Amino acid sequence: MVIGYTQGTFDMFHIGHLNLLKNAKAQCDFLVVGVNSDELVKQYKNKSVIVPLAERMAIVGAIKFVDRVIKCDTLDKELAFEAIRFQKIFIGDDWKGNTRWEETGKKMKSLGAELVYLPHTHGTSSTMLRNKLKDL
């Protein structure tokens with residue numbers, strides 16, 4: 001059985017989130033999705049979420065492509081690997097070439113997991129939705 005993993009904030013859930021989860025599930029038998037805690041988002045994005053963690057986890061957990069949802073308090077993918085033992089970790093291809101993700105890919109490979117870049121959905125993002133709301 002191939003276990004897959006992806007992690008994100010999933011604030012203001014949109015079609016890009018759905019496409020990521022759908023494409024990830026197509027490449028594994030069991031998909032675990034980490035949802036970043038409110039505190040973690042504040043720490044690394046320096047902004048507050050709009051939808052609280054419990055609600056974001058409930059939304060993600062209701063998606064048919066998701067087999068398990070976990071709370072994430074760290075961006076450390078090695079810790080996620082140790083807890084889940086996934087064979088594939090998924091991220092949008094808009095992160096391709098990013099130094100942190102290139103290093104993560106090397107680390108995952110050394111642990112026996114594959115970093116898979118999935119097609120990014122252009123034209124939508126939580127940031128774009130925030131900006132549209134500000135303009136209203």
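What follows is a short chat about a few residues and ring pairs in a predicted model.

Visitor: Let's start with Arg56. Where is Arg56 placed, and is Arg56 buried or exposed?

Guide: In this predicted model, Arg56 sits in helix H3, which covers residues 53–61. Its relative accessibility is 0%, and because buried means under 20% relative accessible area, Arg56 counts as buried.

Visitor: What lies 2.9 Å from a polar atom of its side chain, I mean the side chain of Arg56?

Guide: That is the backbone oxygen of Asn36, placed 2.9 Å from a polar atom of the Arg56 side chain. Leaving aside residues up to four places away in sequence, Asn36 is also one of the residues that Arg56 touches, and the list includes Thr9, Phe10, Asp11, Val35 and Ser37 as well.

Visitor: And Val41, which helix is that in, and what does Val41 touch?

Guide: Val41 belongs to helix H2, residues 38–45, and at 2% relative accessibility Val41 counts as buried. With residues up to four places away in sequence not counted, Val41 touches Thr9, Asn36, Asn46, Lys47 and Val49. As for Cys72, the C-alpha atoms of Val41 and Cys72 are 9.9 Å apart in space, while the two residues are 31 residues apart in sequence.

Visitor: Changing topic: how many aromatic pairs are there?

Guide: The count comes to 3 aromatic pairs. Tyr5 and Phe86 form one that is stacked, with 5.3 Å from centre to centre and 10° between the planes.

Visitor: Which parts does the pair of Tyr5 and Phe86 tie together?

Guide: Tyr5 lies in strand S1 (residues 3–8), whereas Phe86 lies in the loop between helix H4 (77–84) and strand S4 (88–92), so the pair ties together parts that are 81 residues apart in sequence. Tyr5 and Phe86 are both buried, and ring pairs link Tyr5, Phe81 and Phe86 into a cluster.

Visitor: What about Phe10 and Phe13, how do those rings pair?

Guide: Phe10 and Phe13 also form a stacked aromatic pair, at 6.5 Å centre to centre and with 25° between the planes. Phe10 counts as buried at 4% relative accessibility, whereas Phe13 has a relative accessible area of 26% and is partly exposed.

Visitor: Last one: which residue lies over the face of Trp95?

Guide: Arg100 does, lying over the face of Trp95 at 5.9 Å from the ring centre.

Key. Residues numbered from 1 in each chain as written. Predicted model: local features only at pLDDT ≥ 70, side-chain atom pairs only at ≥ 80, totals over all residues. Heavy atoms only, no water. Helix = DSSP H or I, 4+ residues; strand = E, 2+ residues; numbered from the N terminus. Buried < 20%, exposed > 50% of the residue type's maximum accessible area, 1.4 Å probe, protein only. Polar contact = N/O pair within 3.5 Å; in protein donor to acceptor, adjacent residues only side chain to side chain. Contact = heavy atoms within 4.5 Å. Phe/Tyr/Trp six-rings, centres within 6.5 Å; stacked < 30°, edge-to-face > 60°. Lys NZ or Arg CZ within 6 Å of the ring centre and 35° of its normal.
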